[in-house]
Amino acid sequence: FRYKIRKRYETLIICEDHGFSMEAKIDSVGQTFAEKFKVPEGYPKVSKHAMWLGHFKGSWSDIGYSYGERIGDNIRYVLDHFLDKTINKGNRVGDKLDLKHILEDCRLYEKQIYALDPGLIDFTNGIADGAKKYLSKSLYAEKLTDYEKVLFINCFPSLSLIHPDEESHSRAQKFGGVEAEPYHDCSGMAVLPEASETGKTYVSHNVQQGYGIGLYAAAYAATPPTGHTYWTIATSGMISFNTMFNEKGVSVLHMGGAKTQDPDDFGVPNRYALIDMIVHSDNMNDAVERITLGSKDYRRRTGRKTMLRDGGKNYLIAEAGNACVTETTARRYAIRRPGDMGENGFIVGTNHQYSTKSYNEESELEDFTLASQPTLEDEPSPGPGTVSRFWTLYYEATYNRGKIDAVTMQNFMSAHHWYTRDGKRIDFVAEGDGKWTPTHYAHDHSSVCGHSGGYPEKYNNEMPMSKLFIPEDKEIRWTLGRPCSWEGKWDSVTFN
């Protein structure tokens, strides 16, 4: 999987293409807590805004080079932090992990990336070439090739959280007093025209998982050699993180899935699967097909009937007037649609799965429940974490039906309270010492606007940030850091 990279690169900050131009509007105060967020010792402080890299076009190699050249210094910081977590701090029980073995695992993921689209290997190589002078300053500069460094960054979420060998996972965290995997942290919602005040579709997403360095983030747009122009925001060095939007108005929101009954595998790493979905989708159904069946080329190269993914995940996929949640494991998938859980003109996705029927590797529907968490009837309520966030967004959309616009959606993503499954709002919970604690401090990431570490605020650098998509207007808005501490208009860009 080695390619000779052409030495002609093109960087366009404002690019006229496909009949539109793109220029980000970044004119507010931004993240007021930026300097308070924790960073590793010796690292620069978090910025008030995610860096806007611009709109790139050309070959995948060109796009990668432009990306790496623009943000290479931060890529080096992310690389060293991830390698330190992997090699020195080790797995969930504290055992250090062997770099040689980790790179061998990256090669297993690489085979799936190549099967998906060889151009994405060029993209990875291009980033490495563009960031070369910065990667040479890494503490691990001589231990990996530059290409391996960027491949490792993009495979890190798969390696650390859903590696097929659970003993290789990152250290577990205490979650409501119980040891749990530390990646149940994202929330998404789509409100359809019939439930909004304006007759438009609104799609929003919050993420809280950044592996201790997620706020070294950058936003960019790209026009690849084939397919659609897209926008994304990601930790520096990653080709995507978990939200995408394209010129057709298709949006894809990713939420890390709960532990499933289907084992994880060395499938397509999610960062690459997201790029493939957004570039090649004219509509919502196209995106669903890309993440479930895979492309015709993928199926031809692998001989599979469906895509092999890396593990359990949920995808909220939307377009103007329509949305669904695709619940997946490595080998199985199911699709939830508005109304399946009583929603009236909206749909919510967090980190757990509700589907009781799912499709197998042959794309045959079976009575197979994806998730291993309690059934809806046995679900704790309030349930700290993914459950409380699910019902909070569910009832915000329900109680505000017909009154929802862009600002309302932004306020939803700043919520610090919980809703129970039966629609009761909770703002404080009693701790063991009898003191009442605001819900967003009571349990890590249990409110839609995710906070962690308890009270007082710990300012953990976990990529708390919000995104809002308005497909009818082709408009994207975003924050760096939690929306509750953002001052002024959200950063934005429009496919004009």
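Let me start at one residue pair: Tyr230 sits opposite Asn246, which belongs to strand S9. Before going on, note that this is a predicted model.

Tyr230 is in strand S8, and S8 pairs with S9, residues 243-246, in the antiparallel sense over three bridges. Tyr230 also stands opposite Ala222. How many of the six residues of S8 are buried? Six of the six, so S8, residues 230-235, is largely enclosed by the rest of the structure.

Next, the open sheet. Six strands pair antiparallel in the order S14-S5-S6-S21-S22-S24. At the edges are S14, residues 346-349, and S24, residues 491-494, each pairing on one side only. Direction ignored, neighbouring strands in this sheet are turned by 10 degrees against each other on average. Within the sheet, S21, residues 465-470, and S22, residues 475-478, form an antiparallel pair over four bridges. There, Ile470 has Glu475 in S22 as its bridge partner. Helix H9, residues 386-399, lies across S5 and S14, and runs at about 165 degrees to S14.

Now the charged side chains. The whole structure has 20 salt bridges. I will take three of them.

First, Glu148 with Arg107, where the closest N and O atoms are 2.9 Å apart. This pair links distant parts of the chain: Glu148 is in helix H5, residues 146-161, and Arg107 in helix H2, residues 99-116, 41 residues apart. Are the two buried or exposed? Glu148 has 14% relative accessibility, so it counts as buried. Arg107, at 24%, is partly exposed. Arg107 and Glu148 also belong to a salt-bridge network with Glu110.

Second, Asp297 and Arg300, with an N to O distance of 3.4 Å. These are three residues apart in helix H8, residues 296-302, and therefore separated by about one helical turn. Asp297 is partly exposed at 39% relative accessibility, while Arg300 is exposed at 58%.

Third, Asp367 and Lys357, whose closest N and O atoms are 2.2 Å apart. Both lie in loops: Asp367 between strand S16 and H9, Lys357 between S14 and strand S15, ten residues apart. Asp367 is exposed, at 66% relative accessibility, and Lys357 is partly exposed, at 43%.

That is the end of my part.

Methods. Residues numbered from 1 in each chain as written. Predicted model: local features only at pLDDT ≥ 70, side-chain atom pairs only at ≥ 80, totals over all residues. Heavy atoms only, no water. Pairing = 2+ DSSP bridges. Helix = DSSP H or I, 4+ residues; strand = E, 2+ residues; numbered from the N terminus. Axes fitted to C-alpha atoms, helices over the stretch in contact; angles between N-to-C directions. Contact = heavy atoms within 4.5 Å. Buried < 20%, exposed > 50% of the residue type's maximum accessible area, 1.4 Å probe, protein only. Salt bridge = Lys/Arg side-chain N within 4 Å of Asp/Glu carboxyl O.
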